[in-house]
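Please look at the sequence and the structure shown here, and then read the notes below, which go through contacts, a sheet, nonpolar cores and aromatic rings.

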Amino acid sequence: MPVTIYDVAREAGVSMATVSRVVNGNPNVKPTTRKKVLAAIEQLGYRPNAVARGLASKRTTTVGVIIPDISSPFFAELARGIDDVASMYKYNIILCDSDGKIDRELHITNTLLEKQVDGIIFMGSEITEEHMQVFTTSPVPIVLAGTKDPTGQLPSVDISHLEAGYDATQFLLNEGHTRIAMVTGPLAEPLVGMQRFEGYKKALSDAGINMKDSYVYNGDYRYESGLSAANQFLSLIEKPSAIFCASDEMAVGVIHGIQDQGFKVPEDYEVVGFDNIRLAEMVRPRLTTVMQPMYDIGAVAMRLLTKYMNGEKVENHIVILPHRMEERQSTKKTGGQ
């Protein structure tokens with residue numbers, strides 16, 4: 001039989017209320033009594049029942065975190081930022097992998113709500129009407145991380161993906177390139193993949209350059225997309241001289257695809273990625289990329305959620321964090337550094 005609070009109270013010779021006060025850190029307990037209770041807890045191996053405590057306090061100090069891909073370095077870094085701030089505020093995390101599937105995202109959200117979590121952080125590529133129906137009727141606060149909803153109703157923490165796509169393309173334009181290709185993310189994502197692509201198109205348009213359909217490859221953020229894109233671009237009669245990729249993983253695929261055909265980066269083709277995951281430092285040449293503050297997005301999202309859960313005042317429910325270009329060796333400007 002599991003050890004109960006009654007067993008601890010009997011062993012320590014105190015009331016169950018006193019044991020409860022000790023377990024919950026209530027300062028109104030005499031030091032000698034606290035010492036007796038803690039000794040009894042250790043001797044009996046007592047573990048407080050978190051479910052019972054949650055029912056009594058109507059709080060479980062647990063937060064649900066939904067991510068599309070637990071193996072992705074991008075989402076792993078976001079989750080680390082969430083977990084560090086959650087620990088700081090004494091919250092536990094239930095981490096759930098949705099596999100990027102809408103029906104699974106909705107199922108997990110409802111399951112977490114049934115488990116009485118105090119709040120949810122959601123990471124996903126698209127916020128549909130089905131998502132909005134569940135999120136806006138949730139009895140606990142939900143914060144979006146690395147995305148935002150089309151209506152701007154829900155609290156969110158993200159970057160401006162359009163401006164980031166624009167800046168990456170402008171960086172290559174400033175390098176003197178006019179034949180710039182792009183490996184996009186999924187264009188069905190209106191707030192991430194499409195926005196990065198729109199930034200690319202706008203930068204070309206502002207420079208007076210017509211975008212070529214043959215210079216656009218629709219990818220899925222994965223390494224294999226980059227390999228396929230490189231093969232497509234290098235088969236063209238008029239090849240691009242620079243390639244902007246909507247993720248670092250695809251950019252590494254592009255670099256390897258270029259190298260597999262006997263060409264060099266950046267001497268023959270310059271490559272820019274997006275996200276600044278650890279892989280960007282590991283590949284050779286090291287990858288020039290858009291630095292998205294992944295850890296900070298997670299950390300700020302969790303802090304925003306704690307404000308809602310604790311009834312604190314929230315000045316801005318939509319937070320846009322800054323991005324920047326991280327120049328490395330896959331572009332010529334810093335090739336020797």
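Contact, a term used throughout these notes, means that heavy atoms lie within 4.5 Å of each other. The model is a predicted one, in which local features need a pLDDT of at least 70 and side-chain atom pairs count only at pLDDT 80 or more, while totals for chains, interfaces and linings use all residues. Residues are numbered from 1 along each chain as its sequence is written, and side-chain values use heavy atoms, with hydrogens and water left out.

**Two residues and their surroundings**

- Thr62 belongs to strand β1 (residues 62-67), where helices (H or I, at least four residues) and strands (E, at least two) are DSSP runs numbered from the N terminus.
- Thr62 has a relative accessible area of 15% and is buried, a word that means under 20% relative accessible area, with exposed meaning over 50% and partly exposed in between (1.4 Å probe, protein chains only).
- Leaving aside residues up to four places away in sequence, Thr62 touches Tyr91, Asn92, Ile94, Val117, Asp118 and Gly119.
- His161 lies in helix α8 and counts as buried, at 3% relative accessibility.
- Among the residues that His161 touches, not counting those up to four places away in sequence, are Leu191, Arg196 and Phe274.
- The C-alpha atoms of His161 and Ile120 are separated by 23 Å, and these two residues are 41 residues apart along the chain.

**The six-stranded sheet**

- An open sheet of six strands runs in the order β7-β6-β8-β9-β10-β12, with mixed pairing; two strands pair if DSSP finds at least two bridges between them.
- Because β7 (216-218) and β12 (324-326) stand at the edges, each with a single partner strand, one side of each is left without a neighbour in the sheet.
- Neighbouring strands of this sheet are turned by 20 degrees against each other on average, direction ignored, where axes are lines fitted to C-alpha atoms, for helices over the stretch in contact, and angles run from 0 to 180 degrees between N-to-C directions.
- Strands β8 and β9 pair in the parallel sense over three bridges, and the bridge partner of Ala242 in β9 is Glu270.
- Helix α8 (residues 161-174) packs on the sheet and touches β6 (180-184), β8, β9, β10 (288-291) and β12, and its direction makes about 160 degrees with that of β9.

**Nonpolar cores**

- The largest nonpolar core has 70 residues, and those with the most contacts inside it are Val183, Tyr200, Val271 and Met302; such a core is a set of buried Ala, Val, Leu, Ile, Met, Phe, Trp, Tyr and Cys residues joined through side-chain atoms within 4.5 Å.
- Helix α13 (residues 294-309) gives the most to this core, with eight residues.
- A second, separate core of 17 residues includes Leu112, Phe122, Phe135 and Val140.

**Aromatic rings**

- Rings of Phe, Tyr and Trp (its six-membered ring) pair if their centres lie within 6.5 Å, and planes under 30 degrees apart count as stacked, over 60 as edge-to-face and the rest as tilted.
- The count by this rule comes to four aromatic pairs.
- In one of them, the ring centres of Phe197 and Tyr200 are 6.1 Å apart and the planes stand at 25 degrees, so this pair is stacked.
- Both Phe197 and Tyr200 lie in helix α9 (residues 193-206), three residues apart, which is about one turn of the helix, and both are buried.
- Phe244 and Phe274 form a tilted pair, with 6.5 Å from centre to centre and 35 degrees between the planes.
- This pair links distant parts of the chain, with Phe244 in strand β8 (residues 242-245) and Phe274 in strand β9 (residues 270-275), 30 residues apart.
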